[in-house]
Amino acid sequence: EKTAPILCAGVSVWAPLQHWGRQEKMRVGVVGVGGLGTMGIKLAAALGHQVVAISSNPGKEELAREKGAHSFVVSGDPDSVMQEEKQLDLILDTVSTHHSLSPYLQLLATNGVLVQIGCTGPRPMQYDQATLMFRRLSIASSHIGGIPGTAKLLAFCQEHDIYPDIELITADRLEEVYGALQSGNNSQATRY
């Protein structure tokens, strides 16, 4: 029941953590505190990184901390952003709607990398190129891992007791759940 989301959401955040997050004790930001983001928080924390959850919704702080985030940034609050400005080595951006990357780039330390995991569609993303140039920042993307990475992830999740938050539903609730997902009212990090 809980393995299937690991094979998708789990490996989607695991692959960039393995590629860009190999140093010990990195400061890793996770943008978006939904199903994908909470898996990123759990995995980054279990790897020993200092995790900063980033959301436009201040109501997600408690959930982010429950999943292992050490601190929380409200992306639309300049004072909140200032607390972590130029402090993060790696950011996993799990948001799957079009958005500006500029607020997140100011959180990256010199040589930092922002990895887009959430697919945002064909519209170009917005960011300030000078910010990239002057601090040697990188924007990258990652899709999903292969079989060896997935096998390593499954073993890691079993060893550290990491599983996605799921809710099994019966067929009579399909319309209700589909409506909640379509309206954006799924405030939790649950995978159905």
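**Close-up views of a predicted model**

View 1. Lys152 is partly exposed, at 48% relative accessibility (under 20% relative accessible area is buried, over 50% exposed, and in between partly exposed, using a 1.4 Å probe and protein chains only). The model is predicted, so local features need pLDDT of at least 70 and side-chain atom pairs count only at pLDDT 80 or more, while totals for chains, interfaces and linings use all residues. Residues are numbered from 1 along each chain as its sequence is written, and side-chain values use heavy atoms, with hydrogens and water left out. Lys152 sits in helix H7 (helices, H or I, are DSSP runs of at least four residues, strands, E, of at least two, numbered from the N terminus). Apart from neighbours within four places in sequence, Lys152 is in contact with Trp14 and Gln18 (heavy atoms within 4.5 Å). Ile117 stands 19 Å from Lys152, C-alpha to C-alpha. Along the sequence, 35 residues separate Lys152 and Ile117.

**View 2. The aromatic pair of Trp14 and Phe156.** The whole structure holds one aromatic pair (ring centres of Phe, Tyr or Trp, the last by its six-membered ring, within 6.5 Å; planes under 30 degrees apart are stacked, over 60 edge-to-face, the rest tilted). The partners are Trp14 and Phe156, and their pair is tilted. The ring centres lie 4.9 Å apart, with 45° between the planes. Trp14 belongs to helix H1 and Phe156 to helix H7 (residues 147–160), so the pair links parts that are 142 residues apart in sequence. Both partners are buried: Trp14 has 2% relative accessibility, and Phe156 has 12%.

**View 3. Thr150 on helix H7.** Thr150 also has its place in helix H7. Thr150 is buried, with a relative accessible area of 14%. The side chain of Thr150 reaches back to the backbone oxygen of Gly146 at 2.8 Å. Beyond its neighbours within four places in sequence, Thr150 is in contact with Leu7, Val11 and Gly145.

**View 4. Lys67 and its partner Asp165.** Lys67 lies in the loop between helix H3 (61–66) and strand E3 (71–74). Lys67 counts as buried, at 18% relative accessibility. The side chains of Lys67 and Asp165 make a polar contact of 3.0 Å (N or O atoms within 3.5 Å; within protein, one must be able to donate a hydrogen and the other to accept it, and residues adjacent in sequence count only if both atoms are side-chain atoms). Leaving out neighbours within four places in sequence, Lys67 is in contact with Thr38, Ile41, Lys42 and Asp165.

**View 5. Positive phi at Asn111.** Asn111 is not a glycine, yet its phi is positive, about 70°. Strand E5 (residues 108–116) holds Asn111. With a relative accessible area of 45%, Asn111 is partly exposed.

**View 6. Positive phi at Arg136.** Arg136 is another residue other than glycine with a positive phi, here near 55°. The loop between helix H6 (129–135) and strand E6 (138–141) carries Arg136. Arg136 is exposed, with a relative accessible area of 53%.
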